[in-house]
Amino acid sequence: MRSATYDHFGKPTEVLSIGDRPTPEPKANEVRVKTVLASIHNHDLLTIRGQYGFKPKMPAIGGSEAVGIIDAVGSEVKNLKVGQRVAAASVQATWAEYFVAVEDMVFPMPDSLDDEMAAQLIAMPLSALMLLEFLDLQSGQWVIQNAANGAVGKSLAMLAAARGVKTINVVRSSDAIAELEAIGVKNNINTEEDNWRDQVKSIIGDDKISAAVDSVGGEDSGNLLSLLGHGGTFAVFGAMSGKPMMLNPTDMIFKQATLKGFWGSKLSQEMSVENKQRLVDELIDRAVSGQLKLPTEATFDLADILKAVDGKMQSDKKGKVLLKT
């Protein structure tokens with residue numbers, strides 16, 4: 001089968017190539033899926049660079065999420081069958097014509113969702129939904145997040161609104177503000193404006209911010225912490241700046257803040273099937289109703305993998321880049 005492979009860690013455009021690999025056979029508790037569309041996530045690119053928490057054995061096939069059609073099932077698979085259209089995330093080697101996944105990581109997709117939506121429905125939106133529950137956020141409470149125009153940031157803002165949780169969405173440019181407004185996200189703040197912290201305080205009024213989600217690191221971490229309310233939770237989701245977090249200990253102490261690390265893929269793998277199905281059902285409902293919008297930037301044939309993972313394409317995107325097999 002065709003697959004996007006690499007045999008050592010490095011820059012994706014330099015180490016990836018299209019190779020011919022054996023079609024995988026499902027184990028007893030696995031299904032094999034014929035890939036229709038696969039997503040390209042930031043964590044996929046970090047994995048290829050060797051900078052992610054998971055390091056595959058070499059040679060490896062890229063990718064961790066896709067939608068496709070089941071074409072084989074293991075002997076112990078009970079709830080899935082050949083011919084079903086399914087989506088899977090937090091799996092491995094989806095940038096290929098076929099991939100295998102444990103039954104518990106695979107979810108049937110309704111006809112009401114198109115392939116472009118189904119291909120990106122689980123990984124980032126599920127992380128956002130798990131994050132809302134990880135932070136124990138209730139209707140009426142406030143959460144502030146930076147990098148809000150990223151895939152998880154957008155999903156978090158939309159899913160929070162659907163649950164009645166209010167968001168402050170921090171970005172770094174007027175273009176990013178427009179990107180959020182285009183999908184109906186409100187309370188967006190541009191840090192290029194000198195009075196952006198005052199804008200945040202004006203929006204929340206006498207309320208307090210119950211939680212903060214930091215995806216950037218560096219000084220941005222401290223800026224978020226300074227706005228967190230007393231007794232709030234500060235979740236570390238990512239480190240896009242590549243810099244260590246700079247947190248004022250005074251804020252940590254006198255706000256009595258709780259600092260927690262969040263790794264969605266790990267939580268997803270450890271979550272019970274029933275609980276995960278509950279969250280996936282909510283994602284499907286939100287997507288079908290239009291409360292969750294997942295734009296696609298571009299779709300590339302698998303043969304054009306180097307164009308798809310190019311740095312400019314990935315940095316300029318306003319939606320998910322997909323691979324077609």
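Which residues is Gly232 in contact with, leaving aside its neighbours within four places in sequence? Gly232 is in contact with Ser210, Lys255, Gln256, Ala257 and Thr258, where contact means heavy atoms within 4.5 Å. This report concerns a predicted model, in which local features need pLDDT of at least 70 and side-chain atom pairs count only at pLDDT 80 or more, while totals for chains, interfaces and linings use all residues. Residues are numbered from 1 along each chain as its sequence is written, and side-chain values use heavy atoms, with hydrogens and water left out.

Gly232 lies in the loop between helix H8 (219–227) and strand S13 (233–236). Helices (H or I, at least four residues) and strands (E, at least two) are DSSP runs, numbered from the N terminus. Gly232 counts as buried because its relative accessibility is 1%; buried means under 20% relative accessible area, exposed over 50%, and partly exposed in between (1.4 Å probe, protein chains only). One of its contacts, Gln256, is found in the loop between helix H9 (249–254) and strand S14 (258–261). Gln256 is exposed, and has a positive phi although it is not a glycine.

**Residues compared by accessibility**

| Residue | Relative accessible area | Class |
|---|---|---|
| Thr5 | 11% | buried |
| Ser90 | 21% | partly exposed |
| Phe54 | 32% | partly exposed |
| Gln256 | 53% | exposed |

Thr5 lies in strand S1 (residues 2–6). Not counting residues up to four places away in sequence, Thr5 touches Val15, Leu16, Ser17, Gly19, Arg21, Ala60 and Ile61. Ser90, in the loop between strand S6 (85–88) and strand S7 (98–102), has a positive phi of about 55 degrees although it is not a glycine.

In helix H2 (residues 42–49), His43, Asp44, Leu45, Thr47 and Ile48 are buried. These residues pack against S1, helix H1 (12–15), strand S3 (30–40), helix H4 (123–134) and helix H13 (311–316). Just after H2, Gly50 takes a positive phi of about 80 degrees. The loop between H2 and strand S4 (60–61) holds Phe54, which touches Thr47, Gln92 and Trp263, not counting residues up to four places away in sequence. Pro59 also lies in the loop between H2 and S4; a cis peptide bond joins Met58 to Pro59, with omega at about -10 degrees.

The axes of helix H5 (residues 151–163) and helix H11 (residues 273–289) come within 12 Å and cross at roughly 95 degrees. Axes are lines fitted to C-alpha atoms, for helices over the stretch in contact, and angles run from 0 to 180 degrees between N-to-C directions. H5 is therefore roughly perpendicular to H11, a term for angles of 65 to 115 degrees. Leu159, Ala162 and Arg163 of H5 meet Arg278, Leu279, Glu282, Leu283 and Arg286 of H11.

H5 also gives the most to the lining of the second largest pocket, with four residues. On a 1 Å grid over the protein atoms alone, a pocket is an open set of points where a 1.4 Å probe fits, with protein on both sides within 12 Å along at least five of seven lines; lining residues have an atom within 4 Å of a point. Of the 16 residues that line this pocket, the closest to its centre are Ala157, Ala161, Gly184, Val185 and Lys186.

Terms used: Angles under 35 degrees count as roughly parallel, over 145 as roughly antiparallel, 65 to 115 as roughly perpendicular and the rest as oblique.
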